[in-house]
Amino acid sequence: MSGRGRREPRRDLLLRAAAPILLLGLVLLALAVGKYPLSPADIARAVAGRLTGDDAAVPEAVSTVLWRIRLPRVVAGLLVGAALSAAGAAYQGMFRNPLVSPDILGVSAGSGLGALTGIYLHLPMALVQALAFAGGLGAVLLVTALAGRVRRHDPVLVLVLAGVAASAMLGAGMSLLKVLADPYTQLPAMTYWLLGGLVTVTGADAAAAAPGLVAGMAPLVLLRWRMNLLSLPDEEVLALGVNPRRLRSVLILGATLMTASAVSISGIVGWVGLVVPHVARLAVGPDFRRLLPAALLLGAGFLVGADTVARTAASIEIPLGILTALVGGPFFLWLLARSRRAW
């Protein structure tokens with residue numbers, strides 16, 4: 001075995017050991033820092049009190065900040081970051097395109113239109129999130145149904161073009177709602193939702209989004225070894241006994257379900273599903289069996305870290321979508337300039 005071949009397993013083992021440790025460190029940091037800082041001793045006492053049922057020994061302020069404010073937000077950040085990065089890795093592999101992100105088929109635009117419709121109709125936040133989820137899922141189902149009727153062209157190209165067209169039309173619908181909205185109450189709420197963030201997330205929101213995230217992740221995990229086949233032309237995949245259209249449809253449904261669930265509670269958070277899969281691919285290679293867990297861990301850590309900066313870097317909270325764009329754009333350009341490995 002060559003020296004490079006020996007280094008690859010060592011590097012993978014190091015990454016697998018280091019990534020969970022770094023993620024745990026980011027979670028503890030996110031729980032500790034903020035306008036009301038918590039020491040490691042405070043966190044340890046609160047956890048011990050919850051496990052033993054002796055919450056009375058924990059100061060009320062510490063218990064409120066930890067369990068009702070920060071922990072739901074951290075859990076939501078973990079779920080959203082993992083979902084967006086895993087969906088991005090799946091989409092990039094399915095479409096054989098490094099510029100693809102989870103919103104390529106209109107899921108973000110559909111979720112945005114659903115959420116803005118709920119805000120325009122003065123609906124409660126729970127119904128706004130439900131409309132966002134339904135809008136994202138409905139947009140992708142419509143795109144895939146329309147693309148399935150066009151059989152004279154490359155199916156991947158048809159899906160991408162249909163997604164671009166659908167995103168444009170849904171974006172026009174969002175713009176119309178913003179024009180019609182009350183400029184003093186509804187328009188600021190619409191704008192802030194579209195910028196993305198976890199400031200309003202509660203434990204109930206994270207619990208409501210979790211089933212969709214898990215259900216969407218299941219086909220990606222179960223079919224992760226077949227995912228590598230989609231890097232081949234469809235004719236070769238058929239020769240191997242796998243129906244590429246059916247496999248692609250199942251994976252698209254899973255990735256879309258995850259993305260719609262994530263966007264419904266966080267708003268539109270860009271760049272996570274585009275940049276993080278590239279970082280994971282550079283770290284562990286293109287094999288989806290290793291790429292998927294790497295993307296999950298890196299995406300979760302990235303969004304928790306970004307959210308921590310968003311709520312602590314300034315006197316006011318920075319919208320998460322702005323921060324991820326400010327970090328993701330330059331970092332993506334740096335990756336393009338530094339990477340010598342073919343995608």
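A pocket here is an open set of grid points where a 1.4 Å probe fits, with protein on both sides within 12 Å along at least five of seven lines; its lining residues have an atom within 4 Å of a point. Keep that in mind for the second stop. The model is predicted.

**Whole chain.** Start with the cartoon view. Colour by secondary structure: you get 14 helices and zero strands. The radius of gyration is 21 Å, close to the 20 Å that the globule rule gives for 343 residues, so the chain is as compact as a globular protein of that length. The trace spans about 65 × 65 × 40 Å.

**The largest pocket.** Select A19, V279, A294, L297 and L298. Of the 29 lining residues, these lie nearest the centre of the largest pocket. The volume of this pocket is about 660 Å³.

Next, show the helices around it. Select 3-32 for α1, 272-284 for α12, 288-312 for α13 and 320-338 for α14; each supplies at least two lining residues. Which helix gives the largest share of the lining? It is α13, with ten residues.

Now colour the lining by class. Expect 23 nonpolar, three polar and three charged residues.

**A surface patch.** Select L121, L123, L127 and L131. These leucines make a nonpolar surface patch of about 310 Å². Finish on L121. Where does L121 lie? Look in the loop between α4 (107-120) and α5 (125-148).

Terms used. Residues are numbered from 1 along each chain as its sequence is written. This is a predicted model: local features need pLDDT of at least 70, side-chain atom pairs count only at pLDDT 80 or more; totals for chains, interfaces and linings use all residues. Side-chain values use heavy atoms; hydrogens and water are left out. On a 1 Å grid over the protein atoms alone, a cavity is a set of points where a 1.4 Å probe fits but cannot get out, and a pocket is an open set with protein on both sides within 12 Å along at least five of seven lines; lining residues have an atom within 4 Å of a point. Grid points are joined across faces, edges and corners, and a volume is the space filled by probe spheres set on the points. Helices (H or I, at least four residues) and strands (E, at least two) are DSSP runs, numbered from the N terminus. Ala, Val, Leu, Ile, Met, Phe, Trp, Tyr, Cys and Pro count as nonpolar, Asp, Glu, Lys and Arg as charged, and the others, Gly among them, as polar. Patches are made of residues with over 30% relative accessible area and no salt bridge: like charges are joined within 9 Å, nonpolar side chains (Val, Leu, Ile, Met, Phe, Trp, Tyr) within 5 Å. Accessible areas come from the Shrake-Rupley method with a 1.4 Å probe; for residues, only the protein chains shown count as cover. A salt bridge is a side-chain nitrogen of Lys or Arg within 4 Å of a carboxyl oxygen of Asp or Glu. The radius of gyration is taken over C-alpha atoms; the globule rule is 2.2 Å times the number of residues to the power 0.38.
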